[in-house]
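Please read them with the structure open.

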Amino acid sequence: MYINIGEDFVLKTEDITGIFDMDKTTVNKATRDFLAKAQKENRVVLTSYDLPKSFIVAKDKIYISPLNTSTLLKRAGWEKYE
């Protein structure tokens, strides 16, 4: 199954490791360090220039999306875990 994660970006759900809320997770230093390291390695992809609300960890990249995690989870047919 495929999921639209914003603008013209579509991913296979089987390639997605996790979908994370940007506001809730980036308060943790480890998450900020993880994203900063991925940015330095050119593994971060912006799907839009709108305000980022979530990030998707996929097989080889991290996608920053303007869509809420609940929207992405519904599109993927997954349940929300907190």
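1. The side chain of Ser65 comes to 3.1 Å from the backbone nitrogen of Leu67. This is a predicted model, and the distance should be read as a value computed from it. Ser65 itself sits in strand 6, which covers residues 62-65.

2. Is Ser65 buried or exposed? Ser65 has a relative accessible area of 1%, and because the cut-off for buried is under 20%, Ser65 counts as buried. Leaving aside residues up to four places away in sequence, Ser65 touches Ile5, Thr47, Pro52, Lys53, Ser54, Ile56 and Leu72.

3. The largest nonpolar core has 13 residues, and the members that touch the most others are Ile3, Ile5, Leu11, Ile56, Tyr63 and Leu72. Two or more residues each come from strand 1 (2-6), strand 3 (16-21), strand 5 (54-58) and helix 3 (69-76). Helix 3 gives the largest share, 3 residues. As background, nonpolar side chains tend to be buried together in soluble globular proteins.

4. With residues up to four places away in sequence left out, the contacts of Leu11 are Met1, Tyr2, Ile3, Ile5, Ile16, Ile56, Ala58 and Tyr63. There is also a second, separate core, made of 8 residues, with Ala38, Val44, Val57 and Ile62 among them.

5. Turning to charged side chains, the structure holds 4 salt bridges. In general, side chains of opposite charge can pair when their charged atoms come close. One of the salt bridges joins Asp33 to Lys29, with 2.9 Å between the closest N and O atoms. Both residues belong to helix 2 (residues 29-40) and stand 4 residues apart, about one turn of the helix. Asp33 has 38% relative accessibility and so counts as partly exposed.

6. Lys37 is exposed, at a relative accessible area of 53%. Glu41 is partly exposed at 39%, and Arg43, at 26% relative accessibility, is partly exposed as well.

7. For the overall fold, the protein has 3 helices and 6 strands. Along the sequence they follow the pattern β-β-β-α-α-β-β-β-α. The radius of gyration is 12 Å, close to the 12 Å given by the globule rule for 82 residues, so the protein is as compact as a globular protein of that length. The C-alpha trace spans about 30 × 25 × 25 Å along its principal axes.

8. Some totals complete the picture. Of the 82 residues, 39% count as buried. The accessible surface comes to about 5600 Å², and carbon and sulfur atoms account for 50% of that surface. Among contacts between residues at least 6 apart in sequence, 50% join residues at least 24 apart.

Definitions and conventions
Residues numbered from 1 in each chain as written. Predicted model: local features only at pLDDT ≥ 70, side-chain atom pairs only at ≥ 80, totals over all residues. Heavy atoms only, no water. Buried < 20%, exposed > 50% of the residue type's maximum accessible area, 1.4 Å probe, protein only. Core = buried A, V, L, I, M, F, W, Y, C linked by side-chain atoms within 4.5 Å. Contact = heavy atoms within 4.5 Å. Rg over C-alpha atoms; globule rule 2.2 N^0.38 Å. Areas by Shrake-Rupley, 256 points an atom, 1.4 Å probe, with all protein chains shown as cover. Polar contact = N/O pair within 3.5 Å; in protein donor to acceptor, adjacent residues only side chain to side chain.
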